[in-house]
Amino acid sequence: MKDYYEILGVSRGADQEEIKKAYRRLARLHHPDVSTSDDDGGDRFKEISKAYEVLSDPEKRRRYDLLGDEGLSASPYGSPFEGFGGSFGDIFNIFFGRGQPGFARAPRRGSDLLAVVEISLVEAYAGTVRELEMPRSETCDECGGTGLASGFDHDLCPDCGGEGKTVHTRRSAFGAFTSSTTCRRCGGAGEINTHPCPACDGRGAARIIDKVQVNIPAGVDDGDRVRLPGRGEAGHMGGAAGDLYVEVRVAEHETFTRRGSDLHAVISVEISEAALGTEIEVTTLNGEERLQIPAGSQPGDVFRLRGKGMPSVRSQRKGDIYLTLEVRVPRKLSAEQKRLLKEFQRIESGKKDSPGIVGRLRKAIRQEY
Ligand SMILES: [Zn+2]
Ligand SMILES: [Zn+2]
């Protein structure tokens, strides 16, 4: 039985970095898909991989140093997974989903999230607070997002020797064809996690329901977004978390229509009120306002309440309220109202006729009948 240190060509005191380097160099030379000169059916590569598997694992290495191969067979890491038809890196890849392409050791920022809340125009006027429950991932405290058990590092992938891809050479009558595919074991990362963090099972993050308090500022408009830094998905390998964006929808108001920071509405008065003038009460978004309708006001007249519109998110300035006058024409009249309106009409036509002698004559004739 050859010595594992000898196989890798390192000293007994070699550190993890040296072992990794030696393995990477040898694996590249003797990988069965690459090696053409001394075709040994991959035996040399298997030997190298076995040596690396033992020496790169601090616990296995300690046992090997102490007891040799015997120590390894007694190891708790020894064989329970062999029955699955591979060494346990495969199993962990299946369990912990590290095989996806694109997985890399480099820290990556987490994704942003988007939530939508609907508020009323009154809430938009005054500003409001909403509580949301956002499902998202959060970096594991135990491992800081690396997914590794404390004191362990990633191991070089024994299938591809850290290359992340495997090269296949096919020989035919026409020559040798080489093609390379992403390594199935490490998903192209070149490294695998054989010591997953017990708290997160190697995922580096856990799913949580985040209770988020969203402060929605006064003056917020439909479609505005509030950003909550760091409340998005957890980063990968210790990378920063993404942000949460909360999009605000402002529901339609029964009275007011918003245009920028101004509010528009219609007010209505009776014919007599428009003619004689009146005072009405207008319910704005923050209370009652008295409004004078002067005598002789016309339908379509616009009245302005300065500074009673929407506040601005960015400045102190408030918009105005614009009120368009509508004059109500009665649909039904009582006998008394009818008499008075006829009287009104008579006076109106009298007014028209009044100037001139002809008018006065006509009036006289009518009165005789
Ligand atoms: Zn690999
Ligand atoms: Zn963890």
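**Zinc, ligand 2**

I started with Cys140, which counts as buried at 10% relative accessibility. The cut-off I'm working with is under 20% relative accessible area for buried. A reminder to myself before going on: this is a predicted model.

Next I looked up what Cys140 is doing there. I find it coordinating the zinc ion (ligand 2) through its SG, along with the SG atoms of Cys143, Cys197 and Cys200, at 2.3 Å. I checked Cys143 too, and that residue is buried, with a relative accessible area of 12%.

What geometry do the four donor atoms around the zinc ion (ligand 2) make? I get angles of 104 to 114°, so I wrote down tetrahedral. Along the chain, the donors of this zinc ion (ligand 2) are spaced C-x2-C-x53-C-x2-C.

**Zinc, ligand 1**

Then I moved to the other ligand on my list. Which residues coordinate the zinc ion (ligand 1)? I list Cys157, Cys160, Cys183 and Cys186, each through SG, at 2.2 to 2.3 Å. The site of the zinc ion (ligand 1) is tetrahedral, and I noted angles of 103 to 115° among its four donor atoms. The spacing of the donors of the zinc ion (ligand 1) along the chain reads C-x2-C-x22-C-x2-C.

I wanted to know what parts Cys160 and Cys186 bring together. Cys160 sits in the loop between β3 (155-156) and β4 (165-172), and Cys186 sits in the loop between β5 (175-182) and β6 (191-192), so the pair ties together parts that are 26 residues apart in sequence. Are these two cysteines buried or exposed? I put Cys160 down as buried, with a relative accessible area of 4%, and Cys186 as buried at 0%.

**Positive phi**

Most residues other than glycine have a negative phi. Asp201 has phi near 55°, a positive value in a residue other than glycine. I find Asp201 in the loop between β6 and β7 (205-216), and it is partly exposed, with a relative accessible area of 37%.

Met237 went on the list as well, with a positive phi near 50°. Met237 lies in the loop between β8 and β9. Is Met237 buried or exposed? I have it as buried, because its relative accessible area is 11%.

**The three-stranded sheet**

I traced an open sheet of three strands in the order β1-β9-β8, with mixed pairing. Its edge strands are β1 (113-119) and β8 (225-228), each pairing on one side only. Neighbouring strands of this sheet are turned by 25° against each other on average, direction ignored.

How many bridges join β8 to β9? I count four, and the two strands run antiparallel.

While I was at β9 (244-250), I followed the chain out of it. Glu252 is in the loop between β9 and β10 (257-259). I noted Glu252 as exposed, with a relative accessible area of 84%. I also checked the distance from Glu252 to Asp222: they are 30 residues apart in sequence and 9.8 Å apart in space, C-alpha to C-alpha.

**The hairpin**

Strand β12 (residues 278-284) and strand β13 (residues 287-293) pair in the antiparallel sense, and I have seven bridges down for them. A hairpin of two residues takes the chain from β12 to β13. For one pair to look at, I picked Thr278, whose bridge partner in β13 is Ile293.

**Helix α2**

Last entry. Helix α2 (residues 16-30) has 15 residues and reaches 21 Å from its first C-alpha to its last, close to the 21 Å expected at 1.5 Å a residue.

Which residues of α2 are buried? I wrote down Ile19, Lys20, Ala22, Tyr23, Leu26, Ala27 and His30. Seen down the axis of α2, these buried residues fall within an arc of 165°, so I noted that they line one face of the helix. On the face of α2 turned away from its buried side, I find the exposed residues Lys21 and Leu29.

Conventions. Residues numbered from 1 in each chain as written. Chains lettered and ligands numbered in written order. Predicted model: local features only at pLDDT ≥ 70, side-chain atom pairs only at ≥ 80, totals over all residues. Heavy atoms only, no water. Buried < 20%, exposed > 50% of the residue type's maximum accessible area, 1.4 Å probe, protein only. Donors = N, O, S within 2.8 Å, 3.2 Å for Na, K, Ca; no water. Tetrahedral: all angles 85-135°; square planar, octahedral: opposite > 155°, others 65-115°. Pairing = 2+ DSSP bridges. Axes fitted to C-alpha atoms, helices over the stretch in contact; angles between N-to-C directions. Expected span 1.5 Å × (residues − 1). Arc of directions from axis to C-beta.
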